[in-house]
Amino acid sequence: VSFIAPWALVVGGVAAAGTVLLHLLVRQRPAAYVLPTARFIVERPALVSRFATRPRDLLLLAVRVLLLISAAVAFAQPVLVPRHAPRARLVLLDRSAAPASEADALARVRMLLSDGVPTRVIAFDSAATVLADAVKGLDSLGRSAVRGSAHGSIAAALVAARRAGADAGTNADSVELVLVSPVTVAELDPSIDSVRAQWPGPLSIVRLAARPPSNRAWTLERAIAADDPLGPAMSGVRAAASPSSVRLRRDSLTSADSAFARGGGTVVRWDTTGAIAPAALAMGDDVVVAALGRGPPPERGRVIARWAAGVPAAREEGIGAGCIRTVAVGLPLVGDLALRPAFQRVVRGMLAPCDAGDAPTPADSAMVARLAGHGAAAPGVALSAGASEPAPIVPWLLAIALACALTELIVRARPMPKAT
Amino acid sequence: MTAGPYGALLDAVRGVRWPAARRVAGATLGAHPSRLRGNSSEFSEFRPYRQGDDPRRVDWRLLARSDRAFVRLTTDLATLPTAIVVDASASMAFPPPTMDKWTRAKEVAVGLAAVAHADGDPVGLTIAAETPVTLAPRARRSVIAEMMRALDGVVPAANAPLAALVSALRVPRVVVVSDLLGDADALLAAGRLRIAAGGEVIVVHLVAPEELNPPGEALLAVDPEQPTLRRTLDGGTRAEYVRAFGAWLDATASAFRAAGLRYLRAETSEPAAHLVRRVAGEAGGGGR
């Protein structure tokens, strides 16, 4: 048995002890003593207080103490809690298209299952599902030929974990939460921080390899001038006239570009714009500090790169089966920026197809660290507190307290024995 | 005579002398110097003859030598009738159940009576009880035994006034044994009158240690002479009580001594024989 409001027990105990003390404190006339010189004593009230060795009215004391104790226990709201395991575990298994190898993900989870800690597995892609039986569920997933949808949602997985944690918390002193995922940018939506805050403990991240960039699988339709400063940075991108899945435009878009995007291609609109000035550009874990031009920030679509101040530098917006990506980063005509590996990785990311499944961008280390959090495992009480229900004995305790209150009136009204 | 519980006391005070504080006026031959000059064999002085003197007391030889008539004076000794007044009010029955104050008062009375009787003085007893008991001063042998029986037959009770009994006595020496918790002011007035009349009044003020230092726990003190007077004696009132009682004791002693009475305060823990010796030994005026 545990108590939802144990402070009520403390208050009740103190009140009961005070009642006992008050019953031991007797105000009465002191024992008479013949003293011929009594006239020299200052006249005062003849009642004195003294502590007796036993209460004067045991029945009244018992009724009052029972009243206080039963009321205190009732207000403390006892709950019947099954026996606790010291630790439980929830595993969030990423079944989206982000992991490079689903077999690897399943193997990692099976390793976690093998240490004997009661574990529940939540498989998630865009939605989360709690596997009723972890071992059988994993076997079933391994046999399944169908993979999850392309986009995963770690926020959805955390919401499911918080719900499952309420059950796990009632049976364990602490609950460990493990995320088995590559943790890509696409899996982190804007609500991730507030959802993450709902879990009162750290998140152990078993980071899987993300599906590798498929720049070998896609081709870029180059439509840039030979002296375009972007050219050297695109040296690692395979280009071909046709068929291509990514089209780079250094000027305004045309209806053909829209048709290309609707058909499943990716159109990257990368104008040469803005005055060149020192700036920092961040995309994933790559940060480029150089003299760059800052064009007007794109207004719509998912942000894929930002300036140091947080202003979007590149966005992409789905259209039909493909997407249009707008990059507001001006490039200097001179300098070695195009030869820097970090900038080349940024350029490859900018020119990659919109389909994240084909080119998932791993979340940066700061985001991963923020997601992981720190501290001890989430206490079971913190997870299950909202789910606790007072035991059905509470109404009976209140009834006993009420009966004692009525009885106290009767007992108090009866003639009291005279003090000695 | 059966001394009973007073045997040891009587043995202890045997040989104690209790001289009078001043010359006594009695004519009966006793142990105290008398104011009267008689014709006893103990020569005192010569005085010129005056008309009316007994011619037989004229010293004829001195007349022959000096041709002037002188009367031969001698010193007479007389008895000193003594009355002992014992307070038997309810306050003397303290502390219960031993009643040490009453016991000590009886012993002092018997001891002083025995000492006076040994000097040949008539001794009387007055017990200021609810029904007063009076034994007239007598010099016969059985008077001490009669006093013992009278004292043992009384149980202190009620509130018996002392002053009226003292005023009614017609003896030159009066001893009052009391706790002075009754009519002390009236007693003082009566004693002052007796002193003015040439008498001697000795007050033995008995105080119990329990009165000076009552028990420590909280008590409802009840005055045995006024049962309606009930006061709570606890830690808050004890110090004030001790101060007030001590002040009263000092004021009482000062008042009695200022009036010319001999005042002796005695705690009941003091042995009776010692107290009797103190009364008798100070009788020469040192007690003032």
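Colleague: Where is Lys106(B) found?

Modeller: This is a predicted model. In it, Lys106(B) sits in helix H3 of chain B, which covers residues 100-118.

Colleague: Is Lys106(B) buried or exposed?

Modeller: Lys106(B) counts as buried, because its relative accessibility is 14% and the cut-off for buried is under 20%.

Colleague: What does Lys106(B) touch, not counting residues up to four places away in sequence?

Modeller: Leaving out residues up to four places away in sequence, Lys106(B) touches Tyr6(B), Leu151(B) and Asp152(B).

Colleague: Other topic. Where is Ala139(B) found?

Modeller: Ala139(B) is in the loop of chain B between strand S5 (133-138) and helix H4 (143-152). Ala139(B) is partly exposed, at a relative accessible area of 45%.

Colleague: And which residues does Ala139(B) touch, not counting those up to four places away in sequence?

Modeller: With residues up to four places away in sequence not counted, they are His117(B), Gly120(B), Asp121(B) and Pro122(B). As for Ala118(B), it is 21 residues from Ala139(B) in sequence, and the two are 9.3 Å apart, C-alpha to C-alpha.

Colleague: Now chain A. At what angle do H2(A) and H11(A) pack?

Modeller: Helix H2 (residues 58-76) and helix H11 (residues 393-413) of chain A pack at about 155°, and their axes are 8 Å apart. Angles over 145 degrees count as roughly antiparallel, so H2(A) and H11(A) are roughly antiparallel to each other. Their crossing is left-handed.

Colleague: Which residues make the contact?

Modeller: Among them are Leu59(A), Val63(A) and Leu67(A) of H2(A), and Leu397(A), Ala401(A) and Glu408(A) of H11(A). The residues of this contact divide into 16 nonpolar, two polar and three charged.

Key
Residues numbered from 1 in each chain as written. Chains lettered and ligands numbered in written order. Predicted model: local features only at pLDDT ≥ 70, side-chain atom pairs only at ≥ 80, totals over all residues. Heavy atoms only, no water. Axes fitted to C-alpha atoms, helices over the stretch in contact; angles between N-to-C directions. Helix = DSSP H or I, 4+ residues; strand = E, 2+ residues; numbered from the N terminus. Parallel < 35°, antiparallel > 145°, perpendicular 65-115°, else oblique. Left-handed = near helix turned anticlockwise from the far one by under 90°. Contact = heavy atoms within 4.5 Å. Nonpolar A, V, L, I, M, F, W, Y, C, P; charged D, E, K, R; others polar. Buried < 20%, exposed > 50% of the residue type's maximum accessible area, 1.4 Å probe, protein only.
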